[in-house]
Amino acid sequence: MNQILKKEEKIETFMRDLLRAFPRESGFLIPLLQKIQETFGYLPREAMERAAAHLGISEAEVYGVATFYNQFRFHPPGKHPVKVCMGTACHVKGASVISESWERRLSIKIGQTTADREFSLDRVACVGCCALAPVSVVGAKVHGHMAPTKVDGLLLAIQLEKEGKKLSEP
Amino acid sequence: MNPERPSPVEQSFAKLRSPARQKWQSMKKGAEPAILVGTATCGRASGALEVFKAFQEQTERAGLKAHLIQVGCLGHCYAEPLVIISRPGFPAIAYPRVNPVIASLLVRSFLIEGDPPIELMLGAMEENDSFPTVWELPRFRLENRFLLRRCGLIDPENIDHYIANGGYEGLCSALQKEPEETIFLIKNSGLRGRGGAGFSAGRKWEICAHTEESPKYVICNADEGDPGAFMDRSLLESDPHQTLEGLIIAGYAIGASFGIIYLRSEYPLAEERVKKALAQAEEKGLLGEKILATDFSFRVSLFRASGAFVCGEETALIHSIEGKRGMPRYRPPYPAVSGLKGKPTLINNVKTLSAVPHIVANGVKSFTSLGTEGSKGTMVFALVGKVNNPGLIEVPMGMTLRQLIFDLSGGVPRGKRFKAVQIGGPSGGCLPEKFLSLPIDFESLKEAGAMMGSGGLVVLDEDDCMVEVARYFLDFTQKESCGKCTLCRLGTWQMLDLLADITRGKGKTEDLDLLRELAEDIQAGALCNLGRTSANPVLTTLRYFRHEYKAHILEKKCPARMCRALTAFYIIPDKCERSCDACVGSCSMEAIKTGRGMKKIIDQEKCVKCGSCLGACPPKYGAVTKISPLSEVPQG
């Protein structure tokens with residue numbers, strides 16, 4: 001309960017400060033949503049409601065715009081966001097095999113977050129590192145030449161790191 | 001103009017240029033060596049930042065003074081991280097695939113002992129008597145770097161590097177002329193929009209300039225959404241000022257005072273570098289109020305796109321800047337007449353704007369001397385897929401696909417057979433072997449059923465199934481369809497369904513006619529180009545690879561053995577070495593068991609067909625194979 005209250009307060013204070021910098025014009029909706037997502041990692045419902053009131057448009061319109069674009073998400077991302085590149089070069093080198101491996105190992109589907117909020121899984125259109133295909137991005141790091149065994153390896157490395165052990169990269 | 005009395009514009013520009021040139025010369029000619037590390041996104045993914053750090057530490061430890069510079073991308077993705085080292089007394093030398101160990105070796109043997117290791121080098125960047133040069137490599141020899149000329153050779157975060165290398169000369173020259181003259185110049189150069197459709201840039205500028213409304217806007221479209229294309233990203237990461245200069249010139253020519261760079265949100269590094277470029281240009285008086293002591297004022301802001309492929313379409317892009325859903329509207333009116341907030345808006349692609357400064361500074365001939373009759377200049381291709389040397393390539397229009405794929409990119413790896421090349425992303429098409437001798441320009445590609453698009457080129461070999469490739473692209477357009485018009489929304493959905501069925505072996509013969517019919521209807525009736533061109537991958541594969549479709553439908557067989565529902569992995573018992581466990585270890589599903597006589601057997605129930613075992617089995621045994629149709633897998 002405490003935690004939920006804290007979250008709501010946090011959104012409230014953040015939005016109050018943020019909205020001061022934004023003119024009340026509907027043209028600023030997308031930059032505003034981007035700022036919210038940068039801070040929280042997703043678009044909390046309360047924040048979208050505040051944005052709608054500020055810009056003088058309906059909540060439905062805010063939600064309509066937000067859902068139109070691939071960038072916005074409506075659930076908190078995991079601590080280690082995993083993005084599987086689905087670009088053409090990755091596809092011909094087996095990107096779907098890689099995305100299935102992640103899904104299987106994390107027991108979630110693309111677009112979901114694990115129950116412990118450790119991992120979230122998404123696909124991206126193209127990271128632009130086509131020469132390293134197939135590519136997955138874990139956190140901010142791009143991993144090239146992915147394979148199902150490398151998925152296992154990356155997960156193991158994160159697990160070991162969490163337990164305080166170090167795994168040196170080859 | 002009187003050469004003895006330079007104009008005020010020239011004078012104020014000279015104040016920027018002289019110190020920039022001096023700094024550049026002192027770096028080039030000075031006693032300190034220079035180390036250029038390519039740290040664009042692709043370089044970073046291969047560990048370029050670690051390499052940069054290693055150079056920093058090693059030079060520091062050795063007490064060496066050196067110019068350590070993070071540069072952009074030279075376009076040789078296969079050779080990343082790429083480092084160019086110049087040291088007085090030696091030509092500049094390029095080293096490919098550098099890692100921290102090689103970095104420390106280079107510092108010791110090249111920088112300290114003066115003995116550059118030959119076996120590690122890609123080649124010297126300039127002619128000399130001692131070392132082989134990169135110009136002997138076909139990739140360097142056949143390329144014609146017009147837009148990419150500075151990429152990978154200057155510091156993208158340092159405006160002085162740009163100015164010292166011919167930068168902002170175009171703006172300086174444009175500001176001394178009437179805006180009409182610049183439009184005339186661009187029109188005469190035959191520059192065509194590099195975003196896909198190939199509309200005459202000069203004509204677009206003219207329409208916008210002649211529309212009597214104000215204010216006017218210029219938008220640089222950097223929402224590069226094609227999966228498999230990254231030339232705009234590379235240009236903005238490696239030489240952001242070039243595009244910015246083009247944008248400012250365009251603003252001056254059409255009489256706009258406000259510009260927007262509409263940048264894809266997945267490009268954080270490009271964003272960072274564009275922001276720095278904007279700040280530096282403003283500081284130097286090249287942007288903002290009274291540019292170069294003229295009355296021309298121009299401001300540029302950055303708008304981060306939110307990841308919708310359809311926003312590459314002009315009217316959709318404008319809607320998204322206005323804070324709406326990025327849905328296209330019917331044209332005309334074209335944005336050049338009525339665009340952002342109903343005002344005349346010029347929208348040009350990154351590559352189109354990047355060509356402008358050169359044309360203005362060096363004259364029309366510098367551009368028209370390259371290319372073909374109808375398509376002037378160069379084209380930047382992102383050449384990826386099944387080639388030995390993938391990367392960014394800039395060549396004059398009219399080069400053949402064979403030259404691009406086999407001469408410049410080293411052909412198909414591992415002796416596999418070339419099958420097709422996919423040009424232009426989801427709006428383009430797949431061209432088979434017989435088009436290898438086709439000189440590529442806007443017209444020739446259109447005739448063949450493909451499209452220049454933004455220049456993505458994916459090479460496919462015998463292991464790639466053309467039905468699956470068509471399905472992949474349609475899956476992409478179907479997801480990205482904005483849903484406004486019925487033909488695109490439902491048509492792509494139906495086509496995708498049919499294609500998915502075929503790849504699963506559930507297709508019917510009549511599906512092929514239905515597919516063609518649907519594709520032609522969408523082509524004729526969809527509202528925007530995303531919809532209209534979405535059928536291209538299907539139509540071209542149907543036209544050139546009909547036999548593959550038929551094999552899927554009639555024999556339940558995927559000839560390329562790529563469609564997983566129709567293919568199985570199998571270990572040939574006679575070839576299995578038995579005491580080797582490579583395949584077992586590679587299988588993350590534990591689907592490979594050791595059977596009688598130590599022979600390995602794949603449990604088809606558990607197998608997810610990832611292909612790891614195929615890669616793991618040593619080539620000298622070659623026991624793992626793919627079989628299609630499933631009925632041919634030996635039982636037991």
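Start by selecting Trp205(B), Cys208(B) and Ala209(B) in α9(B): they meet Ala250(B), Ala253(B) and Ile254(B) in α11(B). Here a contact means that the C-beta atoms of two residues, placed from the backbone, lie within 7 Å. Helices (H or I, at least four residues) and strands (E, at least two) are DSSP runs, numbered from the N terminus.

Before moving on, a word on what is loaded. This is a predicted model, in which local features need pLDDT of at least 70, side-chain atom pairs count only at pLDDT 80 or more, and totals for chains, interfaces and linings use all residues. Residues are numbered from 1 along each chain as its sequence is written, while chains are lettered from A and ligands numbered from 1 in the order in which they are written.

**Stop 1: the helix pair in chain B**

Show α9 (residues 201–210) and α11 (residues 240–254) of chain B together. Their axes are 8 Å apart and meet at an angle of about 45°. Axes are lines fitted to C-alpha atoms, for helices over the stretch in contact, and angles run from 0 to 180 degrees between N-to-C directions. The two helices, α9(B) and α11(B), are therefore oblique to each other; angles under 35 degrees count as roughly parallel, over 145 as roughly antiparallel, 65 to 115 as roughly perpendicular and the rest as oblique. Colour the contact of α9(B) with α11(B) by class and you get six nonpolar, no polar and no charged residues. In this scheme Ala, Val, Leu, Ile, Met, Phe, Trp, Tyr, Cys and Pro are nonpolar, Asp, Glu, Lys and Arg are charged, and the others, Gly among them, are polar.

**Stop 2: a covered helix and an enclosed strand**

Next select α10 (residues 231–238) of chain B, where eight of eight residues are buried. Buried means 20 or more other C-beta atoms within 10 Å of the residue's own, exposed means 12 or fewer, and partly exposed is in between, with C-beta atoms placed from the backbone. The buried residues of α10(B) include Asp232(B), Arg233(B) and Glu237(B).

Now go to β9 (residues 345–349) of chain B. Five of its five residues are buried, so the strand is largely enclosed by the rest of the structure. Thr345(B), Ile347(B) and Asn349(B) are on one side of β9(B), Leu346(B) and Asn348(B) on the other, and both faces are covered. Look for Asn221(B) opposite Asn349(B).

**Stop 3: an open sheet in chain B**

Show the five strands in the order β2-β1-β3-β4-β5 of chain B, an open sheet with mixed pairing. At its edges stand β2 (67–71) and β5 (123–124) of chain B, each with a single partner strand, so one side of each has no neighbour in the sheet. Further in, β1 (residues 34–38) and β3 (residues 83–86) of chain B pair in the antiparallel sense over four bridges. Ile35(B) has Ile85(B) as its bridge partner in β3(B).

**Stop 4: where the chains meet**

Bring up both chains: 37 residues from chain A and 40 residues from chain B take part in the contact. On the chain A side, α2 (29–40), α4 (59–68), α5 (88–92), α6 (95–106) and α7 (148–162) each supply at least two residues. The largest share, four residues, comes from α5(A). By class, this side of chain A has 21 nonpolar, 14 polar and two charged residues.

Then zoom to Gly611(B), in the loop between β17 (600–602) and α25 (612–616) of chain B. Which residues of chain A does Gly611(B) touch? Select Gly94(A) and Val97(A) to see them. Gly611(B) is buried, with 21 other C-beta atoms within 10 Å.

**Stop 5: backbone details**

In chain A, find the cis peptide bond from Ala133(A) to Pro134(A), with omega near -10°. Pro134(A) sits in the loop between β2 (119–124) and β3 (136–138) of chain A. Chain B has a cis bond from Arg331(B) to Pro332(B), with omega near 0°.

Finish with Glu590(B), which has a positive phi of about 50° although it is not a glycine. Is Glu590(B) buried or exposed? Glu590(B) is exposed, with 9 other C-beta atoms within 10 Å.

Methods: Pairing = 2+ DSSP bridges. Lists of a residue's contacts leave out its neighbours within four places in sequence.
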